[in-house]
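Hello,

Here is the structure I am handing over to you. My notes on it follow below.

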Amino acid sequence: MIASFKIYNQLFLRLLLILVVFGVVFFLLQKELIYTAIFIGLLIICLVIELYIYLKNAFQFYDKTIQAILQNDFSADFSKHKSHVNYKSLFKLYDTLKNKQNEHVSKDIIYRSILNNIETGILILQKEENDWNIFLMNDYFSSHFEVPKVSKWHYLKNQFPSLCTLIEEQNFSEIKTSLQIRVNQEDTQTFVMQSSRTKTYNQEYYVVLLDSIQKVVEKKEKEAWINLMKVISHELLNSLTPIRSLSQNLKELVEQESFSNEDLEDMKQSVQTMLNRSNHLQQFVESYRKLAMLPTPQKEKIELTEIVNNGLEIMRPLFKKEKIEVQNTIDFKHWFSVDKLQIEQVLINLLTNSIYALADKTNKKIILAAETKNKRLFLSITDTGNGVDPEIEDKIFLPFFTTRKEGAGIGLTLSKNIIEAHGGYLSYQNKDDKTTFMICLMD
């Protein structure tokens, strides 16, 4: 019965019993019953000893359970313990923390499994006082760079000096750079390195990511090919499907013994439609050939304002027709080596895009500007048009992608290819209701 009482109830009963027995001893001594009093006194001593053992066991059990919690040792099972009722709250706390620990371990296993299956070198350092220790090194990092999964920074530095020296030189700050690393005793490869530093729950971590530029390029090329094939297959199906349908219709008409005027009219329309779609397919293939067989630039020294003025002169009738104000702010002479016809084509393409973007605007303005910086020429074309929709920002340079019904979708792609063939780049940005295409060329 007493075993089902709470600890404090059991302690109270023991103390009460000792006091009662002590009172009995005092009463017996008053009655001069010495021997009986001595016997009862011995009983008091036994009760005190039992109380000591009880308290000792109780506190030892509490201490043992709390130590297990502090050391994250949740291997014990107290559900069948004989004193389970007495320690109900303690066991509830233990079980709650045990479940959280198991959940944490499960998540940790899943996260590590994910990181170990990523084909990117991942290294996470944890700061302890003034030293850094290895918190996590994924399998790709260890196997690709042939580095054992060590736990101390100085061990890693002995195995991977090129990376560790760079990190130490930058004082474990955030880094984004390229790094030459020799892999598997082969020629050196270039890796993109990104690192970041973060704090959480009074712990400081340093995360390092290493990506092979070759893999990055292959991934981008794969994505580009997938997008290109989607566009090509879409365009081909749009032409081949109606041609196939019309061919079947013509076959049925030809198999008739006689033709009515209505049948002949259907045949004429079908043939004309097939011819139109065939012409469209031919133009599509020609556009693709133009992109795929871009000739090598025939560079010559030419003055900047001359090539810009030539492009503006070609487009002047369209500017006048669309009532577009053109501001050419380039007021300095600059000689550079380019293919005159190809750069003029780029200017025409970009100006044509601006004209299209200004079609529904009341304030129609195109601004041309240029500057030289760090041995580079930056030529910008800005318009006050609709800008580029964020949803299609990553598609505007894709071959055959266009938002114009009459467009072929090769203008920007061709322009980008031409500028890159000159060793430069073509970019754009939307800002303050204006769209700017920027041409960057080396002097």
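**Helix packing and one valine**

In this predicted model, the axes of helix α10 (residues 340-357) and helix α11 (residues 411-421) come within 9 Å and cross at roughly 145°. Axes are lines fitted to C-alpha atoms, for helices over the stretch in contact, with angles from 0 to 180 degrees between N-to-C directions; helices are DSSP runs (H or I, at least four residues) numbered from the N terminus. The crossing of α10 and α11 is left-handed (the near helix is turned anticlockwise from the far one by less than a right angle).

The contact includes Phe61 and Tyr62 of α2 and Phe91 and Tyr94 of α3.

Valine 308 lies in helix α9 (residues 304-322). Valine 308 counts as buried because its relative accessibility is 2% (buried is under 20% relative accessible area, with a 1.4 Å probe and protein chains only). Beyond neighbours within four places in sequence, valine 308 touches Asn328, Ile330, Leu347, Leu368 and Leu379. Isoleucine 343 is 35 residues from valine 308 in sequence, and their C-alpha atoms are 9.1 Å apart.

Residues are numbered from 1 along each chain as its sequence is written. Local features need pLDDT of at least 70, side-chain atom pairs count only at pLDDT 80 or more, totals for chains, interfaces and linings use all residues, and side-chain values use heavy atoms, without hydrogens and water.

Regards

Technical notes:
Helices (H or I, at least four residues) and strands (E, at least two) are DSSP runs, numbered from the N terminus. Contact means heavy atoms within 4.5 Å. Buried means under 20% relative accessible area, exposed over 50%, partly exposed in between (1.4 Å probe, protein chains only).
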